[in-house]
Amino acid sequence: MNPIITFIVRLAASMLAVLGLAWTASAHAAGYPEKPVTFVVPFGAGSATDLLARALSASLTQQTGQAVVVENRPGASGMIAAHHVARAAPDGYTVLITTNTTQAANPHLFKTLPYDPVADFTPLTGLGRGGQVLVVKADSPYRTVDDLIRAAKQAPGKLSFGSGNSSSRIAGEMLKQLTGTDIVWVGYNSNPNALNDLLGGHIDMMVIDTVTGLSQIEAGRLRPLGASTQERLPQLPNVPTLDEAGIKGYDMGYWFAAYVPAGTPAPIAATLRQLLVGAMGSDGARAFFRNSATQAWTTTSAELNEFQAADIQKWGRVIKAAGIAPE
């Protein structure tokens, strides 16, 4: 056969094969989801990530007619959940609803991880960004940031702060670093567990996400001392930022995002992303953002990938400056 004709025949066969694969993937995505979807959350029930996942799951169920189950797998700074999803079948039925803890901070907090926060996942979309607030129990003797820092300097190693995720922990470590204080860290599986101990008087303070802490502040059980962001929180306009309160340069927020295992077919990932973006406009999601001082935030897969890469570098700088050695 003429070499040119042979080349044309082979090229046509390759193109038909590619088109066939694309058609198969698209046909598969067209029927997605055909069974229940599981949202895996790295933190306990009642945590910020859990509440957001449940709001989104309700909307996806309404959109698709399929059940969306929220499965909490707390522990080990989110590594248990992230590892589970990284090893799950890449079929769009196991979704990680997570935060910067698993996807940006953990690589700098642990010498080894059972998952790769970049290579093991396909990013879908960002979901939200927010701030934290330094809180003490309502009957605490510390009424201002200055009261707290003065007490910590007078009794090094006596006061303690709790955290149930990396955002909360690093926020506390940054507080120590910028004020030159020795405050003991106490770790928990999730922020709600740490909050229970704060309310019970077992620890002295937390830098807690607004989703978990705001209701307790409004109920009068917690006293807010300072916001972790550079601007005051809309829901707490009378609470100064920590920077305003004298801890110059303090700025520490958090973010939520959705991922599926690497290798998930692109049409399925695209369909799932579209469903999640649609869910962000649901009544449940809007209530979550309104009541939690969290900003809704959606991205393309590429934008989330780029944002995560930059945030990994940022967390590395913060953790190194805080003097935290990987465990």
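The side chains of Arg150 and Asp146 meet in a salt bridge, with N and O 2.3 Å apart; the term denotes a side-chain nitrogen of Lys or Arg within 4 Å of a carboxyl oxygen of Asp or Glu. The model is predicted, so local features need pLDDT of at least 70 and side-chain atom pairs count only at pLDDT 80 or more, while totals for chains, interfaces and linings use all residues. Residues are numbered from 1 along each chain as its sequence is written, and side-chain values use heavy atoms, leaving out hydrogens and water.

Both partners of this pair belong to helix α5 (residues 145–154), where they stand four residues apart, about one turn of the helix. Helices (H or I, at least four residues) and strands (E, at least two) are DSSP runs, numbered from the N terminus. Arg150 is partly exposed at 41% relative accessibility, and Asp146 is partly exposed at 45%. Here, buried means under 20% relative accessible area, exposed means over 50%, and partly exposed lies in between, with a 1.4 Å probe and protein chains only.

Side chains of opposite charge can pair when their charged atoms come close. A second pair is found in helix α2 (residues 48–64), where Arg54 and Asp50 are four residues apart and therefore separated by about one helical turn. The closest N and O atoms of their salt bridge are 2.8 Å apart. Arg54 is partly exposed, with a relative accessible area of 37%, whereas Asp50 is buried at 2%.

In helix α10 (residues 283–292), Arg286 and Asp283 are three residues apart, which again places about one helical turn between them. Their side chains form a salt bridge with an N to O distance of 2.5 Å. Arg286 has a relative accessible area of 43% and is partly exposed, while Asp283, at 60%, is exposed. Elsewhere, salt bridges that share partners join Arg169, Glu173, Lys176 and Glu327 into one network.

The whole structure holds 11 salt bridges. Its secondary structure comprises 11 helices and 10 strands, and its C-alpha trace spans about 90 × 40 × 30 Å along the principal axes. Of the 327 residues in the protein, 51% are buried.
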